[in-house]
Amino acid sequence: MATGRLGVGETLGALNTALGPGDPVWFKETRARHLRARDFLAPRPALQARFGDGQVPERVVRAVAGLQGPGVAPVLRCAPTPAGLALQLQRPAVFERVLGAVAAYVAPATPAAPGPRVLLHCPALRSAPGALRLSQLRAVLVADHLARTLRAHGESVRLVPAVRDPHMPTFLQQLRVDWPAASERAATEALRNRALAELSPAQERGALPRGVLGTVCLKELVQERGRAAGYDPNLDKCLVTEDLLSVLAELQEAARCWPGDSPPSLAAAPDANADRCMVVHVVSCEEEFQQQKVDLLWRKLDDQAPLTQKHLVCGPVKVAGAPGTLTAPEYYELRYAQVCKASAVKHGRDLAQDPAWTEVFSVLSVATVKFEMLSTAPHGQVSLGDLQDQGLDSTCGGCSCAPIPQLLLALADSSISTKGTKSGTFVMYNCARLATLFEGYRHSMEQGLYPTFPPVSSLDFSLLQDEGEWLLLFNGILPFPDLLSQTAALACTAPGLHTTARTETMCKFLVQLSMDFSSYYNRIHILGVSAQQNGVGGCGGAREAKDETSRPFLSNRRLDHTCLVKCLPVSSFCGPCVKCFTPA
């Protein structure tokens with residue numbers, strides 16, 4: 001059997017190369033109705049632009065049909081159709097290649113070259129938890145998510161600031177946000193001396209409050225960088241304080257003294273460290289103006305300030321029927337109370353004081369908050385609606401704690417969590433189905449009711465004929481490494497001050513994956529009933545329950561080879577669901 005991870009990007013690249021010089025024309029199909037006949041398509045209008053009359057030479061068609069190479073999926077056929085040049089893969093061979101090494105598909109694709117070091121700066125973390133607005137909480141969660149995805153992609157990341165408020169580490173731990181705690185304060189003497197030299201004339205300063213050194217003019221620097229850079233044209237003067245110098249000193253030290261590096265030379269050239277890392281300031285929209293001042297002041301006072309500083313500005317968070325002063329801890333406590341309420345509705349008693357359930361409730365509450373804050377592109381506005389009347393919106397926490405699947409089912413079934421198929425509740429519900437299914441299979445196998453899962457090499461993948469099985473693999477597992485890479489992509493070379501991050505991509509992926517799995521799961525009984533089970537207690541003819549995860553006897557079919565093969569594409573998704581969006 002061939003080895004090596006198959007890739008959508010590698011396959012598309014090879015297909016476009018086979019057509020000859022020109023712009024890319026091939027694209028991957030995603031819709032179920034199109035995947036019944038083809039997997040990739042080169043549209044007819046694009047072929048007409050490439051070949052004049054739109055007729056693809058026979059030699060090109062043969063070259064595409066015989067395509068091979070590292071990461072290229074094996075081709076079954078390539079033929080002209082009214083829609084264009086259609087290509088279908090050897091699906092049994094793709095199933096075998098992918099599911100035989102599925103662990104390789106839960107890691108991001110290896111970058112062609114290492115990216116720049118990334119210094120993530122989230123100024124909201126300099127405050128106390130009780131002062132965090134929802135837009136600032138969103139910036140914190142975006143920064144944490146971005147740090148995780150960048151590190152998973154092999155990038156070197158540092159986080160600033162180190163939190164100093166005594167209550168902030170506890171709140172971040174509650175949110176499953178991994179952020180450094182306070183260390184020694186960086187020295188500010190050099191920056192203070194430089195700032196004093198840049199201050200406005202004494203007669204303009206007047207009497208200054210304690211801790212304020214004076215003002216520095218930034219207008220000239222804004223004009224020097226140009227309007228296209230994206231700085232606010234109203235930036236003029238910056239009030240220099242001791243606290244602001246401490247902020248700059250921490251940024252300066254983090255950018256210069258990277259872990260594992262040798263100490264910087266005192267005789268280093270002014271620009272020696274300027275291009276060593278990229279700084280990304282993750283801020284709420286309310287903090288953007290002040291952060292631009294910090295950016296410019298750093299450049300003005302430090303000749304070795306990083307040349308690339310980008311601002312990732314998170315849009316506002318609007319809550320209907322709630323005061324504008326709603327804080328991050330209050331929002332979390334509200335979601336926590338809703339989780340407890342859903343559990344009480346299901347179980348008929350309050351479990352909030354039960355130590356066995358406290359951690360479970362906390363995990364689900366954090367997942368709720370993260371899904372709501374991350375499922376919208378960072379620059380867009382998050383609308384939470386009326387929090388008091390709104391249904392619970394949560395996603396799987398990726399925790400293997402035994403009570404979680406049952407509680408997830410309870411929340412999904414409860415009357416306060418009917419948000420349709422595009423919510424975190426729907427994702428959570430399908431994670432519960434999977435977790436319960438696998439736990440039931442494992443338990444039954446230990447009892448000798450099911451055989452152990454056979455080696456992948458012994459399975460006949462030609463038995464996978466249902467379109468839902470191909471949809472799960474082709475739209476989920478196969479492109480997953482590329483999806484992880486997209487979430488870690490930062491536009492570091494693009495001109496301008498601002499950058500974007502696709503932190504919402506994973507939420508959308510989980511929703512679509514849940515929809516595809518739910519459709520397949522509702523039609524196909526993944527597990528069957530063994531002959532031994534059929535003979536236990538005369539239950540072979542028992543009435544089938546509505547949900548496969550809620551019954552001990554799953555269908556009247558024997559757990560044969562076909563059922564085991566059908567189970568494999570579904571079980572493969574335990575990795576992506578848990579690994580890419582865990583709140584832990």
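How are H11 and H12 oriented to each other: roughly parallel, roughly antiparallel, oblique or roughly perpendicular? Before I come to that, please keep in mind that this is a predicted model, in which local features need pLDDT of at least 70 and side-chain atom pairs count only at pLDDT 80 or more, whereas totals for chains, interfaces and linings use all residues. Residues are numbered from 1 along each chain as its sequence is written, and side-chain values use heavy atoms, with hydrogens and water left out.

To the helices, then. Helix H11, residues 242–256, packs against helix H12, residues 288–301, at an angle of about 70°, with the axes 11 Å apart; helices here are DSSP runs of H or I with at least four residues, and strands are runs of E with at least two. The two are therefore roughly perpendicular to each other, a term that covers angles of 65 to 115 degrees, and their crossing is right-handed, that is, the near helix is turned clockwise from the far one by less than a right angle. From H11, Leu244, Leu245, Val247, Leu248, Leu251, Gln252 and Ala255 meet Val294, Leu297, Trp298 and Leu301 of H12, where contact means heavy atoms within 4.5 Å. Sorted by class, this contact has ten nonpolar residues, one polar and no charged ones.

My second topic is the aromatic residues. The structure holds nine aromatic pairs, a pair being two rings of Phe, Tyr or Trp (its six-membered ring) with centres within 6.5 Å, called stacked if the planes are under 30 degrees apart, edge-to-face if over 60, and tilted otherwise. Phe40 and Phe474 have ring centres 5.7 Å apart and planes at 85°, so this pair is edge-to-face. Because Phe40 lies in strand S2 (residues 40–43) and Phe474 in helix H17 (residues 467–477), the pair ties together parts that are 434 residues apart in sequence. The rings of Trp470 and Phe474, by contrast, have centres 5.1 Å apart and planes at 15°, so they are stacked; both residues lie in helix H17, four residues apart, about one turn of the helix. Phe40 and Phe474 are buried, and Trp470 is buried as well, which stands for under 20% relative accessible area with a 1.4 Å probe, protein chains only.

Finally, a loop residue: Ile526 is found between helix H19 (505–523) and helix H20 (531–534), and at 0% relative accessibility Ile526 counts as buried. Its C-alpha atom is separated by 8.9 Å from that of Leu437, 89 residues apart along the chain.

Conventions
Axes fitted to C-alpha atoms, helices over the stretch in contact; angles between N-to-C directions. Parallel < 35°, antiparallel > 145°, perpendicular 65-115°, else oblique. Nonpolar A, V, L, I, M, F, W, Y, C, P; charged D, E, K, R; others polar. Buried < 20%, exposed > 50% of the residue type's maximum accessible area, 1.4 Å probe, protein only.
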